[in-house]
Amino acid sequence: MSEKPSPEILKFPEGFLWGVGTSAYQVEGGSTNSQWYEFEKAGGIRTGEPSGRACNWWEDAERDFDLAQAMGINSLRLSVSWARIEPEEGVFDPTAIEHYRSMLAGLLERNIRPMVCLHHFANPVWFEKKGAFLSKDCVIDFTRFIKFTIAELSDLCSYWLTFNEPNVYAVTGYLDGEHPPALRGHITDYLNVLVNMALCHAKAYHTIHRLQEDAMVSFSNHFIIFTEAKSQLVDRLAARIASDFFNNVFVNMVAGRKAPPFTALNRYLEQVKDTWDFVGVNIYGGVDVAFDITKPGMGFVKRLTPKNRRTGDLTPEGQAMFGEIYPQGIRIVVEKLARYNKPFFILESGVPDRADILRRWVIATAVKTMHDLIGRGYRILGYHHWTLVDNFEWAWGYALRFGLVEMDPATQARQPRPSAAFYADIIKENGLTPDMLRKYAPDALHEIFPSSI
Ligand code: BGC
């Protein structure tokens, strides 16, 4: 009698990094020197909630490092606060750097490799007042901060991200007004911010490599899977505009392919070319898009999320923040960007899901998708789930919960969600067992993928 072969565990390569992502302003608390603090005071948070103590990392990050260690996490993406390190223009605070040194040492002691992002949405107030990335001094200012920070921290970290999601920073600050400086429809500013950030990034890339030869340096880019709402030409055009001006605009500059229209970057494209050592992918969802003549400030693009899609929790105003939650989209992004011949890190993937209904499906589907890709020869070196512990979700305050661990901002009490144990099991197996797949990724194999990014 022939026995049925038992289905195998989908194993990952040895040394694969299983991580989580965080950012300074969202977890540290008490970041009073940042433009986000000013934004909070001016009523910019839709729920009216201040960031307050956030996850209290400035006083006690080790509490959550212990949780990460207990889950087996071996890579933690965090950011440093420029506002703390350089609280006044040209004046550095040695105590802030000392603080970050002890955080990084705390991670290394737990066998967790840090990946440090140097800018995650938050600016020092003095820099914001100068116009932030529209200021003529932005490259000088950003480079000064980079030089100081890398010189102080490079013995403790070798993975650096210059920027988190320049595309989101520019859209939310200058097109849809959700983040400071809360401008709407400022398309020229939007493009110039991106161009200046690309120049800052390139200078930072070379500066870091000069100070630390074997550093791995890149940035993270947010990708949304845009699909035309109807198969009509104008909607296809809208999907194309959305992809080009959101997903691809920064990548195209850093890859040295093209500069956005009506900007000065063409002259400098050579300086920016190939300033990345890996592709950093942040991906949550997909939206349908339609051409909308009434939206010139958004490039004539209207985003739609048809009912019956998996969205995660809605915002208090009833919006699906990332459209349809779409971890399968990792495949589309990796296949498309493989042309640059760089290894990939998935740096954010997750879902707002207070009741922890969808999260295990998101994790299992992301992991299955990565496994398929690795099997087909794509180099994916690590996965970072967003996020470890519920944290300050920018303009949505504490309304949206992305944590593997639930956190009550009033009491600081932590309670791991079932997803935390699930992720820990994946890490322990270094892969997905048939049982996990059966339970949590039933449709990962059969999905029909939309075509456009
Ligand atoms: C940002 C994070 C944010 C997450 C969830 C990402 O675009 O980098 O800071 O918390 O999305 O909204």
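**Entry 1: strand β7 and its partners**

I looked up the pairing of strand β6 (residues 216–228) first: eight bridges join β6 to β7, and the two run parallel. I took helices (H or I, at least four residues) and strands (E, at least two) as DSSP runs, numbered from the N terminus. I counted two strands as paired if DSSP finds at least two bridges between them. The model is a predicted one, in which local features need pLDDT of at least 70, side-chain atom pairs count only at pLDDT 80 or more, and totals for chains, interfaces and linings use all residues. Residues are numbered from 1 along each chain as its sequence is written, and side-chain values use heavy atoms, with hydrogens and water left out.

I then followed β7 to strand β10 (residues 344–348), where four bridges give a parallel pairing; Val279 has Phe344 as its partner in β10. Two further pairings of β7 are antiparallel. Strand β9 (residues 324–325) is joined to β7 by two bridges, with Gly286 opposite Glu324. Strand β8 (residues 301–304) is joined to β7 by four bridges, and Phe291 is partnered there by Val301.

I asked how many residues of strand β7 (residues 279–291) are buried. Twelve of the 13 are, so the strand is largely enclosed by the rest of the structure. I used buried for under 20% relative accessible area, exposed for over 50% and partly exposed for values in between (1.4 Å probe, protein chains only).

**Entry 2: strand β4**

I noted that four of the five residues of strand β4 (residues 113–117) are buried, so β4 too is largely enclosed by the rest of the structure. Five bridges join β3 to β4 in the parallel sense, and Leu76 stands opposite Pro114 of β4. On strand β5 (residues 159–164), I found three bridges to β4, again parallel; Val116 is partnered by Trp160 in β5.

**Entry 3: Gly72**

I located Gly72 in the loop between α4 (62–71) and β3 (75–79). Gly72 is partly exposed, at a relative accessible area of 33%. The C-alpha atoms of Gly72 and Trp82 are separated by 30 Å, although the two are ten residues apart along the chain.

**Entry 4: salt bridges**

I counted 26 salt bridges, each a side-chain nitrogen of Lys or Arg within 4 Å of a carboxyl oxygen of Asp or Glu.

I examined Arg46 and Glu317, whose closest N and O atoms are 3.1 Å apart in a salt bridge. Arg46 lies in the loop between α2 (35–41) and α3 (57–60) and Glu317 in the loop between β8 and β9, so the pair ties together parts 271 residues apart in sequence. Both ends are partly exposed: Arg46 has a relative accessible area of 35%, and Glu317 is at 47%.

I next checked Asp137 and Lys130, which meet in a salt bridge (3.0 Å, N to O). Lys130 is partly exposed at 26% relative accessibility.

Are Arg401 and Asp390 buried or exposed? I found that their closest N and O atoms are 2.8 Å apart in a salt bridge, and that both residues are buried. Elsewhere, salt bridges that share partners join Glu86, Glu89, Lys130, Lys136, Asp137, Asp141 and Arg144 into one network.
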